[in-house]
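Reader: I have a structure on my screen and I am new to this. Can you show me how to read it?
Author: Let us take one feature at a time.

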Amino acid sequence: MTTLFTHIKSLLQTREETEKPLIGEELRDLPHIDNAWLLIEDDKIKGYGVMEDDNLPTADKIMNLEGRYILPTWVDSHTHIVYAGNREQEFVDRIKGLTYEEIANRGGGIVNSAKTLGDTSFEDLYAQSEERLKEVIKLGTGAVEIKSGYGLTKEAELKMLRVIQKLKENYKIPIKSTFLGAHAIPKEYKGKEKAYVKMVIEDILPAVAEEKLADYIDVFCEKGYFDLEDTENMIEAGKKFGLKSKIHVNQFNSFGGIQLAAEKNVLSVDHLEEMKFEDYKSLKKSETIAVALPSCSFYLGIPYSPAREIIKNDIPFALASDFNPGSTPSGNMNFVISLACIKMKITPEEAINAATLNAAFAMELQDEVGSITTGKKANFIITDRIPSFGFLPYAFGTNSIDEVWINGKKFES
Ligand SMILES: N=CN[C@@H](CCC(=O)O)C(=O)O
Ligand SMILES: [Zn+2]
């Protein structure tokens, strides 16, 4: 089955070569074809060109877009969308003046979500998570990474990862699953932090690997959570099971986590709100991708990751949502690109590159998604009639998406 889209105002992110993530000045360029056509066959992109060529390919179905834009779907390389309930009470506590750290110290935060998740059945957890997945697809996300980390026991971590597995089976967007057993220290292990890490590595991880439930491993490298030794142990333990690492690091403190991660050449380092000179230096020497999460900064009122400095240092830069119940209860990638432009001072071209192609590299999906490329998945967004593509981040809070196509079909939930 072939479908031809004609009279596209502009077809964005057209690239035949997508071998490396974009760095430095490369991010400024968003290749596009004005007044374009796009041909898809089944679930793949078959070709594209300029309307004026007047040698339009034939197709089973023709759709006249009458001046709307097409761009690849967003790639969200960092989410925690499998969770139970919400943390609205903490939202109010923060309005009243408590910090994220103070709430965590009082037994709120990640362990609060872990308690709720422990009391939630597999079926209920799946149903809640599926709603979030459908919501983000409707908002233009066409590939997503999902982490565990609200279980913190073997049983509950496996439950989360099995939910992700079921989402992979039932939703045909690419989903990568990340084991984040080292997300917080559960109450029972207070004062025995090292024993918790040992249990995660020796008991939970082998079970996760045995069921092939994870594509990556993650650890929250942060003061009060997991230190450098724990982080190194998790990275190495993951390697033994063939799992590359994506690390939560430098959210509140910079104390060597990035240097460690970069030396180990991990796939990505995520958050990076607090950056020191040495952090840039070590990332420059690695192939690690820097993933910024501006919605988290917005929601918690913490600094934004210094995107300009990261880009200036030729470090591959990507954007993701961090959708989770505590620090970012939103998976709206349109808002992410708006925030990146407004608060991190990056241009619409840079933001779109960071949230599509570079984000695909941050989850090793660059051969499948992230650009309009012959042979890649036909996962794309059709916008409303907007004046320019810069209007997407400019009109923050407005949903300018008309349709989302996944695997060559219009997504309808
Ligand atoms: N920082 C660690 N993990 C999540 C937040 C977890 C939570 O508060 O539930 C994050 O990426 O922001
Ligand atoms: Zn996160």
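Author: Keep in mind that this is a predicted model. Start with one pair of residues. Val144 has Ile175, in strand 8, as its bridge partner.

Reader: Which way do strand 7 and strand 8 pair, and over how many bridges?
Author: They pair in the parallel sense, over four bridges. Strand 8 covers residues 175-182.

Reader: What joins strand 6 to strand 7?
Author: Three bridges do, and these two strands run parallel. Strand 6 is residues 74-76. Its Trp74 stands opposite Thr141 of strand 7.

Reader: Why is strand 7 largely enclosed?
Author: Count neighbours. A residue is buried if 20 or more other C-beta atoms lie within 10 Å of its own. In strand 7, residues 141-147, seven of the seven residues are buried, so the rest of the structure largely encloses this strand.

Reader: Now the domains. Where do they lie in the chain?
Author: Domain 1 is assigned 2-73 + 371-410, and domain 2 is 75-361. Their centres, taken over C-alpha atoms, are 29 Å apart.

Reader: How many residues are in contact between domain 1 and domain 2?
Author: On domain 1, 27 residues touch 33 residues of domain 2. Strand 15 gives the largest share of the domain 1 side, three residues. By class, that side has 16 nonpolar, nine polar and two charged residues.

Reader: Last, the ligand. Which residues come nearest to ligand 1?
Author: Of the 13 around it, they are Ile110, Phe220, Asn324, Gly326 and Ser327. The shell has four nonpolar, eight polar and one charged residues.

Technical notes: Residues are numbered from 1 along each chain as its sequence is written. Chains are lettered from A and ligands numbered from 1 in the order in which they are written. This is a predicted model: local features need pLDDT of at least 70, side-chain atom pairs count only at pLDDT 80 or more; totals for chains, interfaces and linings use all residues. A residue is near a molecule or strand if its C-beta atom, placed from the backbone, lies within 6 Å of it. Ala, Val, Leu, Ile, Met, Phe, Trp, Tyr, Cys and Pro count as nonpolar, Asp, Glu, Lys and Arg as charged, and the others, Gly among them, as polar. A residue is buried if 20 or more other C-beta atoms lie within 10 Å of its own, exposed if 12 or fewer, and partly exposed in between; C-beta atoms are placed from the backbone. Two strands pair if DSSP finds at least two bridges between them. Domain bounds come from an automatic or database domain assignment. Two residues are in contact if their C-beta atoms, placed from the backbone, lie within 7 Å.
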